[in-house]
Amino acid sequence: MAAKKASLTSRNPELIRGIRKYSRSKMYHKRGIWAIKAKHGGVFPRHEPKAAPPKPAEKPPKFYPADDVKTPIPNHRKHKPTKLRPSITPGTVLILLAGRFMGKRVVFLKQLPSGLLLVTGPFKINGVPLRRVNQAYVIGTSTKIDISGVDVEKFDDKYFTKEKKKKTKKSEGEFFDTEKEATKALPQEKKDDQKTVDAQLIKAIEAVPDLKAYLGARFSLRAGMKPHELVF
Amino acid sequence: MPFKRYVEIGRVALVNYGKDYGRLVVIVDVVDQNRALVDAPDVVRGQMNFKRLSLTDIKIDIPRLPKKKTLIAAMEAADVKNKWENSSWGRKLIVQKRRAALNDFDRFKVMLARIKRGGAIQQELAKLKKQNAS
């Protein structure tokens with residue numbers, strides 16, 4: 001084919017939904033089919049179909065199911081990560097509302113492809129490691145820290161998934177023993193990742209007075225505090 | 001026992017209900033037993049029920065129904081803004097507004113400052129107690 005046009009707009013504008021401006025014969029003229037035909041001696045040019053590669057001989061199937069099996073409808077929908085609240089930007093201090101670290105104030109690093117937020121204490125300050133957190137269980141404060149010096153490209157959801165346990169068959173004697181699977185220690189690589197990420201952050205945090213103590217303290221409601229009236 | 005703050009032309013009042021909550025306005029005329037005509041430099045003159053107004057101690061000198069220019073000039077002459085902001089009522093409101101606008105980090109800093117202040121007071125008290133005991 002000759003070079004395709006940049007945009008393939010229709011030459012037949014829509015006057016109103018369902019009704020176009022030009023009739024069939026007018027469009028024939030507009031598209032220039034008469035000119036193409038004239039160039040090729042009264043016949044619209046027709047290209048031979050490309051020779052298809054020969055298909056391998058199909059074997060008859062080994063098994064014919066007794067009942068009709070329904071073919072599933074293909075689903076091409078792709079998940080988008082959850083929409084991030086505008087108050088949460090990289091470097092924001094977040095307050096965790098649930099889980100083991102309930103009430104801890106923590107630094108937001110980035111949103112992972114699954115939609116979860118990547119977050120770190122920093123570990124030295126409040127004991128929260130690099131961790132994933134759901135946006136719904138978080139309050140975004142208006143305190144921001146500069147995290148331009150931190151490289152978080154390597155972290156994604158695969159980094160945080162649990163490793164699959166291999167099932168080993170137990171002999172009868174061992175079966176009645178209490179679980180003595182060794183609790184896995186954190187691999188040194190993850191500890192190093194934590195240290196590198198936190199090193200940059202802690203520098204930025206110590207530049208602001210009281211921020212280190214703030215991140216080390218937990219948030220809680222006191223008497224007279226009304227969450228719907230508090231400014232975070 | 002007797003009343004001290006009267007509804008009169010030129011009385012400055014605080015709006016305590018409605019769209020203009022928290023604004024200072026001047027009573028410019030009285031409509032009837034319940035309503036006053038009220039005006040302020042950045043407000044369209046309009047009527048307001050007395051129940052929506054809290055009278056203040058401040059009164060300015062204006063004729064009945066002054067033009068906006070005269071009203072503004074009279075307010076400047078009487079220095080209403082500064083008188084209000086230095087009065088204890090006005091100061092309280094300013095502090096309330098500031099406290100309500102505190103961010104979570106600010107609240108933390110305030111807590112640290114209060115603890116520090118308390119510590120300093122206790123130290124002084126201990127010193128004085130020691131002096132007294134000796």
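Guide: A salt bridge is a side-chain nitrogen of Lys or Arg within 4 Å of a carboxyl oxygen of Asp or Glu. This is a predicted model: local features need pLDDT of at least 70, side-chain atom pairs count only at pLDDT 80 or more, and totals for chains, interfaces and linings use all residues. Residues are numbered from 1 along each chain as its sequence is written, chains are lettered from A and ligands numbered from 1 in the order in which they are written, and side-chain values use heavy atoms, with hydrogens and water left out.

Visitor: How many salt bridges are there between chain B and chain A?

Guide: Side chains of opposite charge can pair when their charged atoms come close. D104(B) and R105(A) form such a pair, with their closest N and O atoms 3.1 Å apart. Between chain B and chain A, the count is 1 salt bridge.

Visitor: What area do chain B and chain A bury between them?

Guide: Contact means heavy atoms within 4.5 Å, and 10 residues of chain B are in contact with 17 residues of chain A. Buried area is the accessible area (1.4 Å probe) that two parts lose on being put together, summed over both. Of the area buried here, 58% is on carbon and sulfur atoms, and the total is about 980 Å².

Visitor: Which residues of chain B lose the most area to chain A?

Guide: Three residues together account for 55% of what the side of chain B buries. They are D104(B), F105(B) and F108(B).

Visitor: Why does the salt bridge of D39(B) and K68(B) tie together separate parts of chain B, and how many residues apart are they in sequence?

Guide: The side chains of D39(B) and K68(B) meet at 2.7 Å, N to O. D39(B) lies in strand 3 (residues 35-40) and K68(B) in helix 1 (residues 68-78) of chain B; helices (H or I, at least four residues) and strands (E, at least two) are DSSP runs, numbered from the N terminus. The pair therefore ties together parts whose separation in sequence is 29 residues.
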